[in-house]
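Biologist: Before we talk terms, could you put the model on the screen?
Modeller: Here it is.

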Amino acid sequence: MWTPSITRRAALLGTAGLLAAPALPLAQGAALDIYGPADPQARRGGTLTVAIANEPPNLDPFHQAGDARTAVTVLMYQGLMYEHPSGEARPLLAESMQISPDGLTYTFRLRRNVTFHTGQPMSSADVKYSYDYIRDASNGSPGAADFGAIAEIATPDDHTVVIRLNRPNASLPMTLTNRFGCVVPKDTFAAQNARARLSQQSVGTGPFRLAEFRPQSHIRMQRFPQYWEAGQPYLEAILFSTQPNAASLLQALRNRRADVALLPRPQDAEQLRDVQGLNIGTAPSLRQNTLDLDGNFAQLRDVRVRQAIALSIDKEAVMQASIGGHGTVLGTTVAAMQESWGAPLNELATQRPDLDRARALLAEAGHGGGFQLDLVSIIGFEWMDPAAVTIAQQLQRVGIRLNIQRVELGVWLNAFRTRNMRFTFNDWGTQPDPHILYYRHFRSPPQGADFRNWNNAEADRLLDQGMETSDPAERRRIYVQLQKLMSETVPTIMLFSPNLVTVTQSRVRNYAQHPTGWWFGLARSWIAA
Amino acid sequence: MLGALAGRLGAAAATAVLSTAAVFLLIRAVPGDVVGEMLGQSAGDQAAEAALRAFFGLDRPLWQQYLGWAGDVLRGDLGDSWRQGLPVAGIVGEAFLVTLQIGLVTLAVALLVGVPLGVVAGVRQGRWPDLVVEAFSLLALSAPVFWTGMVLLIAAGAWLGWSPPLIYAGPGENLSDNLESIALPVLALALLQAAAYAQFARQQTAMVMRQDFIRAAIARGLPARLVYGRHLLRNVAIPLVTFAGVILVQILGGVVVVETLFAIPGLGRTLLAAIQARDYPVLQGALLVAVLIALLVNLLVDLLYAAIDPRVRGA
């Protein structure tokens with residue numbers, strides 16, 4: 001059981017999101033305050049059918065980065081910590097966490113009685129193996145960079161893990177959550193064909209284990225009877241059915257073939273309003289739909305041009321055109337982090353349209369006569385097409401003529417990886433931590449990737465400082481400063497976060513939507529008779 | 001006969017080699033690879049990227065990659081999928097059976113609907129049955145399959161309150177679920193192909209109807225059953241068999257669209273997913289199978305044609 005103690009205080013200090021440490025609700029009984037509240041009235045059993053729009057390519061939590069993968073593997077694999085919706089990392093497979101005063105040593109006590117789906121009990125050796133594996137870049141994990149801060153992992157006894165860092169990193173607890181921080185049995189990847197086998201058999205500690213994965217069709221998970229939270233989960237099985245498009249997903253909800261779905265287009269909620277027996281829930285998300293401005297590309301090299309573009313864009317109008325009113329207009333952070341980490345919107349520059357200033361800036365930059373610019377839009381991201389047309393009209397007003405280029409995702413990713421983004425739409429998500437959100441994307445190499453070639457020394461300094469600072473108030477001050485810098489020099493224009501719209505049949509109970517959009521909530525759901 | 005067969009087999013093999021080499025090069029010419037797909041926006045760590053690329057053998061020169069793959073194929077090994085790690089032969093084989101079922105059922109429906117319509121229209125040229133069939137053909141032929149499929153899906157949902165099962169079931173797993181799963185895709189494909197069949201059958205019938213031996217038969221006062229049954233249909237049958245081959249290959253092509261629309265885990269959807277994920281082994285394996293099928297169907301049609309029409313045998 002998770003009890004308040006000196007240890008907890010230490011844990012809180014080191015983690016994200018706690019501005020003024022509020023009293024945490026104490027977990028009653030066996031179920032912890034993770035995944036959502038337990039429900040004493042819950043009925044057990046039954047298979048819940050979830051319609052999903054994106055099928056994960058595979059179910060390997062170590063080598064596959066995509067959101068589609070994480071969304072489902074969080075039910076089968078667990079990290080030492082849990083990304084609580086409050087923006088704080090809370091113990092999951094760990095029971096407690098202690099941070100040394102210099103911020104360089106993290107000591108985790110492990111939960112006892114944790115069993116892997118393979119039947120073995122979990123020990124500190126498994127944790128060490130998992131994290132040593134992922135941080136070794138030669139194993140090819142997309143999570144390797146996140147774990148780069150770790151210098152050494154020691155296991156003084158079976159239930160203690162000590163992680164020593166190269167330099168303080170306040171987001172370590174968030175790194176050890178469920179995207180890349182999963183714990184698997186020691187030597188999992190030494191076995192022949194180990195990666196492939198993860199798509200047929202799960203080896204995690206989560207409430208559900210993999211029963212069947214049929215590509216282009218479905219994923220079936222079965223309740224794991226030896227799961228460490230007594231009495232959890234309530235569901236006997238979960239069936240994820242891949243839907244080929246948004247229309248068929250809506251159809252499945254209407255005809256009660258699916259119990260739960262997260263709408264790929266939040267505005268589709270309108271089409272379901274009148275359907276009897278459906279509950280529609282709305283939550284702010286950690287995703288952002290943005291315009292990125294590559295500091296090495298054409299006219300965008302001039303900061304005045306970037307500012308002028310920002311000052312010409314009416315974000316509200318772009319959101320209305322793209323997804324109707326089903327989102328939140330952003331400043332310089334994602335919707336679900338605005339309260340905890342966002343700079344106050346009125347303190348940010350270039351957030352409201354000011355066409356006169358935009359024209360003046362362009363004239364100053366020598367573009368008084370206007371110019372032509374390519375805007376890259378990714379095929380398959382529906383919101384980008386109406387957004388592109390709207391933005392083209394808005395920029396036309398200051399003399400910038402947009403030429404919209406639609407490219408395939410693979411082509412786009414290639415340009416992104418090679419830091420050749422140009423002027424483009426982007427659509428990405430984060431875990432609820434400012435370091436994880438900003439560092440890799442905006443810190444210049446080699447520490448970060450600075451995909452937008454922002455190349456801003458002041459930003460680098462703030463990003464490093466933010467990483468090393470544990471004190472929540474100080475940390476917030478640093479990230480607010482960073483955001484102001486972003487609003488002034490415009491490496492990106494965060495347009496809006498689409499809402500997470502979750503639709504459930506009325507028989508589905510106790511489902512809480514996590515702001516990541518991953519399926520954590522199913523670990524506490526049950527089906528009414 | 002044997003010589004001709006050997007010649008055809010040789011040509012087919014050459015086609016297979018050329019087309020796989022072309023596919024191999026083309027897919028690699030498309031920007032983005034499996035590593036980019038796996039990393040997504042988590043990219044940026046050069047060492048991890050290089051390690052993944054080496055894991056998939058993408059760091060080797062192109063010719064080495066091709067020879068390695070071709071060598072494995074000749075040994076009967078299509079390799080493993082880069083997405084799920086499962087053997088390509090299994091993935092493609094399973095997907096192909098799904099597609100084949102839809103293809104064959106569609107062909108049967110198209111034949112049963114299209115041929116009678118076409119023959120009737122051909123016999124009654126210019127009269128109302130002909131006009132009705134013409135109207136149907138024109139409509140069905142001009143509607144793209146994805147549109148027809150979408151309309152069927154919406155209509156079934158809105159008017160009947162019915163939608164296909166969420167999860168496709170094979171005929172061996174659950175026959176009634178299977179029929180529900182394939183009903184709309186088959187209908188969408190069959191409408192188009194029945195129309196194509198009707199047009200073709202009408203044209204063939206009309207042509208044969210103008211022939212002297214039919215006129216003579218009618219003039220001799222032969223009963224209609226014999227005129228049409230013995231003289232007309234037998235002559236119309238030959239081109240219709242050839243056409244079945246063409247149609248089957250066409251259906252297998254169109255199936256990509258309907259499989260995507262109706263969430264059928266067949267060859268088309270597997271191919272599309274493999275392209276999106278840059279899963280080269282599955283893509284190459286699936287296309288190799290598709291090419292071989294197309295070649296085989298054409299070969300079979302040629303042979304069948306020879307069996308029906310003695311005049312072709314010597315050619």
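**Terms and the values behind them**

Modeller: This is a predicted model. In chain A, seven strands form an open sheet in the order S8-S9-S10-S1-S11-S19-S12, with mixed pairing.

Biologist: What makes S8 and S12 of chain A the edge strands?

Modeller: Strand S8 (208–214) and strand S12 (278–283) each pair on one side only, so they are called edge strands. From one strand to the next, the twist averages 20°.

Biologist: How do you know that S1 and S10 of chain A are paired?

Modeller: Pairing needs at least two bridges. Strand S1 (residues 47–52) and strand S10 (residues 237–242) of chain A are joined by six bridges, and therefore count as paired under that cut-off. The two strands run parallel, and A:Leu48 stands opposite A:Ile238 in S10(A).

Biologist: Which helix lies across S1 of chain A, and at what angle?

Modeller: Helix H6 (residues 246–254) of chain A runs at about 155° to S1(A). H6 also lies across strand S11 (260–262), S12 and strand S19 (500–505) of chain A.

Biologist: Turning to chain B, which helix gives the largest share of the side of domain 1 that touches domain 2?

Modeller: Chain B is divided into domain 1 (2–74) and domain 2 (88–314). The contact takes 15 residues from domain 1 and 13 residues from domain 2. On the domain 1 side, H1(B) gives the largest share, nine residues.

Technical notes
Residues numbered from 1 in each chain as written. Chains lettered and ligands numbered in written order. Predicted model: local features only at pLDDT ≥ 70, side-chain atom pairs only at ≥ 80, totals over all residues. Helix = DSSP H or I, 4+ residues; strand = E, 2+ residues; numbered from the N terminus. Axes fitted to C-alpha atoms, helices over the stretch in contact; angles between N-to-C directions. Contact = placed C-beta atoms within 7 Å. Domains from an automatic or database assignment.
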